[in-house]
Amino acid sequence: MKVFDLAQPMRRGMPQSPNHPAYTHALVRRHGDMVRPGGGSAANDILVTGTHVGTHVDALAHVSQDGLLHGGIVAADVQSDAGFARLGIDEFPPFVGRGVFLDVAALHGVEVLPPGYEVTASDLSAACGDLAINPGDAVLVGTGWSRRFGDGALFLGTETGVPGVGESAAHWLAERGVAVTGGESIAYERIAPGAGHTSLPVHRILLVEAGINIVETMLLSELADAGVTEFQFILAPLRLVGATGSPVRPLAVVA
């Protein structure tokens, strides 16, 4: 059995959306600051981070359309400074089930898709080959973009864009009733050159209309290199009551 860790390492200065609070980690007590009578000492630290930083899961409460969340829930009725009374990440149960990796980059004979490339429904269908997508599956879409994580400016794609799922591919996933989907970029979906996050239609389709959670900033290059397409997928967000998302460490288990 082999376990693939699908989370990017979290460290200060990692690329992230400017729309969310930055990840900060500091060692606030060092060994030797306090020494117990027997000579023992302990170090501890503090984290300050947004919930959409690093590899993370979007809760259904994360996006609204015309003031409505998934299921027609009025966002204003369920939100407060304490978070969301409905559709927060605490309502997402740990997922353990079939995962499928659709390597669209490999489909086109490259390790990394070009910046701004839109993954279409035809791409996903072709990447499936003989694999069936069943209701309740987790579908991870490979663009190769996790290979760019070490280059912050390029990974963000503010000027050049970012490859990702487009609207036709989002509808394709929703029609198949997937439980969750994930990708390698910060926003999951395709970002056009120079567009930034001004419009995120795929988030509307998946989160608001279809009720499908999104995992972002995943490390999928190792699955691609190993040629893995099917696996047991484990996804367990932190149980943050009322939060719009959570850091996560997804695992792909291959027998």
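Author: Helix axes here are lines fitted to C-alpha atoms over the stretch in contact, and their angles run from 0 to 180 degrees between N-to-C directions. The model is predicted: local features need pLDDT of at least 70, side-chain atom pairs count only at pLDDT 80 or more, and totals for chains, interfaces and linings use all residues. Residues are numbered from 1 along each chain as its sequence is written, and side-chain values use heavy atoms, with hydrogens and water left out.

Reader: Thanks! Then why is α3 called oblique to α5?

Author: The axes of helix α3 (residues 121-128) and α5 cross at roughly 55° and come within 7 Å. Angles under 35 degrees count as roughly parallel, over 145 as roughly antiparallel, 65 to 115 as roughly perpendicular, and the rest as oblique. The value for this pair falls in the rest, so α3 is oblique to α5.

Reader: What makes a stretch a helix or a strand here?

Author: Both are DSSP runs, numbered from the N terminus: helices are H or I with at least four residues, strands are E with at least two.

Reader: Which residues of α3 and α5 meet?

Author: From α3 come Ala121, Leu124, Ser125 and Cys128, and from α5 come Ser168, Ala169, Trp172 and Leu173; contact means heavy atoms within 4.5 Å. By class, this contact has six nonpolar and two polar residues, and no charged ones. Ala, Val, Leu, Ile, Met, Phe, Trp, Tyr, Cys and Pro count as nonpolar, Asp, Glu, Lys and Arg as charged, and the others, Gly among them, as polar.

Reader: How do you know that α5 and α6 are roughly parallel?

Author: Helix α5 (residues 167-175) packs on helix α6 (residues 201-210) at an angle of about 20°, with the axes 8 Å apart. That angle is under 35 degrees, and therefore the pair counts as roughly parallel.

Reader: What meets at the contact of α5 with α6?

Author: Glu167, Ala170, His171 and Ala174 in α5 face Pro201, Val202, Arg204, Ile205, Leu206, Glu209 and Ala210 in α6. They divide into seven nonpolar, one polar and three charged residues.

Reader: Which residues of α6 are buried, and what covers them?

Author: Val202, His203, Ile205, Leu206, Leu207 and Val208 are the buried ones. Their cover includes α5 and strands β4 (56-58), β10 (164-165), β11 (180-182) and β12. Just after α6, Gly211 takes a positive phi of about 70°.

Reader: What makes the pair of Asn213 and Asp58 a polar contact?

Author: A polar contact is a pair of N or O atoms within 3.5 Å; within protein, one must be able to donate a hydrogen and the other to accept it, and residues adjacent in sequence count only if both atoms are side-chain atoms. The side chain of Asn213 reaches the backbone oxygen of Asp58 at 2.8 Å, within that limit.

Reader: And Thr217: buried or exposed?

Author: Thr217 has a relative accessible area of 1%, so it is buried. Thr217 lies in the loop between β12 and α7 (221-226), with phi near 55°, a positive value in a residue other than glycine. A polar atom of its side chain lies 3.5 Å from the backbone oxygen of Gly54.

Reader: How does Asp66 come out, buried or exposed?

Author: Asp66 has a relative accessible area of 72%, over the 50% mark, so Asp66 is exposed. Its phi is also positive, about 55°, although Asp66 is not a glycine. Asp66 sits in the loop between β4 and α1 (75-78).

Reader: Last one: how do you know that Gly161 is buried?

Author: The relative accessible area of Gly161 is 0%, so Gly161 is buried. This glycine lies in the loop between α4 (152-156) and β10. Its C-alpha is 6.4 Å from that of Gly194, 33 residues apart along the chain, and its contacts beyond four places in sequence include Trp145 and Pro193.

Terms used: Buried < 20%, exposed > 50% of the residue type's maximum accessible area, 1.4 Å probe, protein only.
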